[in-house]
Amino acid sequence: MKIMVNGKQEVLKDSISIGEYITQKGLNPDTVVVEHNYNIIQKEEWSNVFLKENDVLEVLRFVGGG
Amino acid sequence: MDDKLVIGGKELESRLFVGTGKYSSDSLIPSILEKSGAQVITVALRRMDFQSSTENVLDYIPKGIQLLPNTSGARNAQEAIRIARLARAAGCGNWIKIEIISDNKYLLPDGYETIKATETLAAEGFVVLPYISPDLMVARKLVEAGAAAVMPLGAPIGTNRGLKTKELIRILIEEIPLPVIVDAGIGRPSHACEAMEMGAAACLLNTAIATAEDPVLMAEAFGKAVQAGRQAYLAGLGAESMYADASSPLTGFLR
């Protein structure tokens, strides 16, 4: 199953939830924000939204800026 | 002295806002905040880089400091609105610095797109602080659009050149019924002090501190300069004149 994450293609074996994806990447859920097919997904919903073929995911975080 | 700056219902003691970009290490940030006294700090939102470390700038920002995420990277209102909504969803409050730039040489903001984004985001309950060229008509439309402040540039971002737009900023301070926060271009504590003496509500700076040889000491210097300038504004500056006016009595000379 192919999805786009932050502009790059990734291949997932199974359909997993956004929550599982974030955990698998070793990310701290409190420090990231997720957009799924251009919709913001609140953290409470991460475990209910499953990734599908051709989904577009953006995983963002705060960095230094002026 | 009770002289608080109120933005979006929040009372601020310090009139210095600082950025978090360009530091040699983010670990300097707590000392920057402590020494400068700044209570508002800007951050940017970017794609996670899964290859590099997962270190997060937020880890270095103490609780109680007001985060001001910016929309840097946005080239139009639509992109700025998208970034603002994501920043709010990250759970760090509802303040947003609108920064919409499509000019890569001078990084000058797009007033028209900034007004559009401000209208939408203010209606959604954001505390909107737009970065603008010091244009009176743009600033007036931002007041109507529901901005919480206006943030005119003193000189292009990162140039450290000071208040090149001084006369236009003076007009904004006189005419705009919102806090005028000088953002961008301030390179020296004396520049920040000058902006505050003119009646600016606050100064936002990043490069001048982050690229100093000793950023923490420079942060302290800026904190003092902003305070001094504010006090001078409140005290009321004496009038200038062309000719000398003796400070000592002109009578009773010893001859």
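Me: What share of the contacts in chain B with a separation of 6 or more comes from residues 24 or more positions apart?
Reply: In this predicted model, such pairs account for 63% of those contacts, where two residues are in contact if their C-beta atoms, placed from the backbone, lie within 7 Å. Because the model is predicted, local features need pLDDT of at least 70 and side-chain atom pairs count only at pLDDT 80 or more, while totals for chains, interfaces and linings use all residues. Residues are numbered from 1 along each chain as its sequence is written, and chains are lettered from A, and ligands numbered from 1, in the order in which they are written.

Me: How many helices and strands are there in chain B?
Reply: Chain B has 8 helices and 10 strands, taken as DSSP runs numbered from the N terminus (helices are H or I with at least four residues, strands are E with at least two).

Me: And what radius of gyration does chain B have?
Reply: Chain B has 20 Å, which agrees with the value near 18 Å that a compact globule of 255 residues would have; the radius is taken over C-alpha atoms, and the globule rule is 2.2 Å times the number of residues to the power 0.38. Along its principal axes, the C-alpha trace of chain B spans about 85 × 40 × 35 Å.

Me: What percentage of chain B counts as buried?
Reply: The figure is 46% of the 255 residues, with a residue called buried if 20 or more other C-beta atoms lie within 10 Å of its own, exposed if 12 or fewer, and partly exposed in between, the C-beta atoms being placed from the backbone.

Me: Which residues have the most contacts inside the largest nonpolar core?
Reply: They are F17(B), V128(B), I181(B), A192(B), A200(B), C203(B) and F222(B), in a core of 88 residues. A nonpolar core here is a set of buried Ala, Val, Leu, Ile, Met, Phe, Trp, Tyr and Cys residues joined through C-beta atoms within 7 Å. Leaving out residues up to four places away in sequence, I181(B) touches several residues, including F17(B), A200(B) and C203(B).

Me: Switching to sheets: what is the strand order in the open sheet of 3 strands?
Reply: The order is β6-β7-β8 in chain B, with parallel pairing, and two strands pair if DSSP finds at least two bridges between them. The edge strands, each pairing on one side only, are β6 (95–98) and β8 (151–152) of chain B. Between β6(B) and β7(B) there are 4 bridges, and I98(B) has P130(B) as its bridge partner in β7(B).

Me: Why does I132(B) count as buried?
Reply: I132(B), which sits in β7(B), counts as buried because it has 26 C-beta neighbours inside 10 Å. Beyond its neighbours within four places in sequence, the contacts of I132(B) include P109(B), V138(B) and M151(B).

Me: Now the contact between the chains: how many residues does each one give?
Reply: Chain A gives 20 residues and chain B gives 27. On the side of chain A that touches chain B, β5(A) has the largest share, with 7 residues. That side divides into 8 nonpolar, 8 polar and 4 charged residues, where Ala, Val, Leu, Ile, Met, Phe, Trp, Tyr, Cys and Pro count as nonpolar, Asp, Glu, Lys and Arg as charged, and the others, Gly among them, as polar.

Me: In what sense does β5(A) pair with β4(B)?
Reply: The two strands pair in the antiparallel sense over 5 bridges, with V63(A) opposite A44(B) and L60(A) opposite R47(B).

Me: And why is β4(B) called largely enclosed?
Reply: It is because 6 of the 8 residues of β4(B) are buried. Within chain B, β4(B) also runs parallel to β3(B), over 2 bridges, and to β5(B), over 4 bridges.
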